[in-house]
Amino acid sequence: MAVPVVDPERYESQLDTKRERITAQFARFSPPPLEVFPSPPRHYRQRCEFRIWHDGDDLFYAMFEVDPADPKRKAVIRLDEYPVAGERINALMPVLRDALLASDTLRRKLFQVEFLTTLSGEALVTLIYHRQLDEAWEQEARALQEALDVSIIGRARKQRLVLERDHVWERLNVEGREFVYQQVENSFTQPNAAICRSMLGWARDVTRESRDGDLVEFYCGNGNFTIALAENFRRVVATEISRTSVASANVNLDANGVVNAVVARMSAEEFSEALAGEKSGRRVAALALDEHAFTTALVDPPRAGLDAHSCEQLKAYARIVYISCNPETLEANLETLSETHIVTRFALFDQFPYTDHCECGVLLERREAPAQA
């Protein structure tokens with residue numbers, strides 16, 4: 001993968017290229033005009049990871065660029081700064097490197113550094129090693145943590161040392177409301193906080209008139225959409241398979257005072273079986289699914305998209321909010337969903353500027369049944 005070249009002067013041009021590509025790709029579904037949400041042209045990522053490259057007494061942050069002519073060959077790209085990353089990460093990069101250079105204990109067999117930051121400046125730094133960490137490492141890491149005003153985690157094979165905490169608290173202002181999110185190290189979070197705000201605002205807008213119905217959400221992660229959309233619905237039932245994400249989602253529900261949503265730890269397939277009455281048990285009974293009237297479904301699947309069975313089950317809902325990180329699988333899924341639904345809102349979120357990556361949002365509403373003769 002090529003390291004993005006950040007050039008604010010060509011940002012609008014690259015965004016126009018994405019707009020034209022997505023508009024052409026989905027034209028056959030007759031969507032309304034594409035809503036485009038631009039990213040900040042630089043310093044837009046709140047989390048990044050870098051390899052640490054050792055060169056004699058020196059070390060530096062590195063990424064790798066694959067040679068298109070020979071995929072087995074990778075060029076090492078030295079990074080003394082990274083305009084893609086947020087300002088807090090860029091500020092930390094040189095001072096952390098200086099501290100590593102000054103400490104044989106902290107630098108020895110260090111091979112990766114991960115940064116997780118927030119818009120307000122909180123920072124969590126994970127140092128990953130090819131050796132076991134001991135008391136000497138912990139002592140120096142604690143001093144570094146205090147000096148840099150960050151939280152530090154040390155990782156090695158079968159070892160994870162959390163010196164203070166394993167998360168940061170992101171605060172996102174959306175439509176004049178502040179939502180707070182616990183974001184846990186090594187768990188998925190939206191990397192572009194500005195675009196995340198745009199996504200939440202768009203999802204709130206397209207589900208605005210929903211108070212008479214309930215929302216079912218698949219792949220809810222740490223409750224990113226769950227929390228922002230809860231006030232638009234009577235009740236929300238969200239599902240997620242990751243134990244860490246479910247725990248974080250429940251923390252986030254409490255932190256935001258959301259009382260009309262529950263998060264169930266089960267796969268989308270298991271939950272669909274429960275809705276269809278094909279799965280029972282204590283976890284299913286606790287959801288009281290018979291008491292819900294699900295009018296809207298929200299899906300935010302991985303890059304592989306939805307399987308055929310899941311698409312068929314989604315057709316049961318009057319409205320579908322589909323958040324996609326892969327236009328190709330979204331296109332394939334819309335082939336099935338458009339048999340019963342039409343696209344009434346369509347959005348492009350520029351999550352990763354200067355790359356080919358496109359994040360999309362689609363609102364589908366059930367077609368009216370043909371009039372009886």
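This is a predicted model: local features need pLDDT of at least 70, side-chain atom pairs count only at pLDDT 80 or more; totals for chains, interfaces and linings use all residues.
The expected span of a helix is 1.5 Å times one less than its number of residues. Helix H1 covers residues 11-25, which is 15 residues, so it should span 21 Å. Its end C-alpha atoms are 21 Å apart, and the two values agree.

Helix H1 has a buried side. Tyr 11, Gln 14, Leu 15, Lys 18, Ile 22 and Gln 25 are its buried residues. Viewed down the helix axis, they fall within an arc of 100°, so they line one face of H1. The face turned away from this buried side carries Glu 20 and Ala 24, which are exposed. The packing partners of the buried residues come from several elements. These are strand E1 (35-37), helix H11 (327-337), strand E16 (341-349) and strand E17 (359-366).

Aromatic rings were examined next. The whole structure holds 11 aromatic pairs. One of them joins Trp 53 and Phe 64 in an edge-to-face arrangement. Their centres lie 5.8 Å apart, with 70° between the planes. Trp 53 belongs to strand E2 (residues 47-55), and Phe 64 belongs to strand E3 (residues 58-67). The two residues are 11 residues apart, and the pair links distant parts of the chain. Trp 53 has a relative accessibility of 33%, so it counts as partly exposed. Phe 64 is also partly exposed, with a relative accessible area of 26%. Elsewhere, ring pairs link Phe 50, Tyr 61, Tyr 82 and Phe 115 into a cluster.

Annotated positions were then placed on the model. An unreviewed UniProt entry gives the annotation "binding site" to Gln 190, Tyr 219, Asn 224, Glu 240 and Asp 300. Among these residues, Gln 190 is part of the lining of the largest cavity.

Tyr 219 sits in the loop between strand E11 (214-218) and helix H6 (224-229). Its relative accessible area is 25%, so Tyr 219 is partly exposed. Beyond its neighbours up to four places away in sequence, Tyr 219 touches Thr 239, Glu 240, Ala 268, Glu 269, Asp 300, Pro 301, Pro 302 and Leu 306.

Glu 240 lies in strand E12 (residues 236-240). The cut-off for buried is under 20% relative accessible area. Glu 240 has 11%, so it is buried. With neighbours within four places in sequence left aside, the contacts of Glu 240 include Tyr 219, Cys 220 and Gly 221. Ser 245, Val 246, Ala 264, Arg 265 and Met 266 are also in contact with Glu 240.

The unreviewed UniProt entry also lists Cys 325 and Glu 359 under "active site". They are spread over 35 residues of sequence, yet they cluster in space. The largest C-alpha distance is 4.6 Å. Both Cys 325 and Glu 359 belong to the lining of the largest pocket.

Cys 325 is in the loop between strand E15 (319-324) and H11. It is buried, with a relative accessible area of 16%. Apart from neighbours within four places in sequence, Cys 325 is in contact with Pro 301, Pro 302, Arg 303, His 357, Cys 358 and Glu 359.

Glu 359 has its place in strand E17, one of the elements against which the buried residues of H1 pack. Glu 359 is buried too, with a relative accessible area of 5%.

Notes
Residues are numbered from 1 along each chain as its sequence is written. Side-chain values use heavy atoms; hydrogens and water are left out. Helices (H or I, at least four residues) and strands (E, at least two) are DSSP runs, numbered from the N terminus. Buried means under 20% relative accessible area, exposed over 50%, partly exposed in between (1.4 Å probe, protein chains only). The arc is that of the directions from the helix axis to the C-beta atoms. Contact means heavy atoms within 4.5 Å. Rings of Phe, Tyr and Trp (its six-membered ring) pair if their centres lie within 6.5 Å; planes under 30 degrees apart count as stacked, over 60 as edge-to-face and the rest as tilted. UniProt positions are given in the numbering used here, feature names are shortened, and annotations may be inferred rather than shown by experiment. On a 1 Å grid over the protein atoms alone, a cavity is a set of points where a 1.4 Å probe fits but cannot get out, and a pocket is an open set with protein on both sides within 12 Å along at least five of seven lines; lining residues have an atom within 4 Å of a point.
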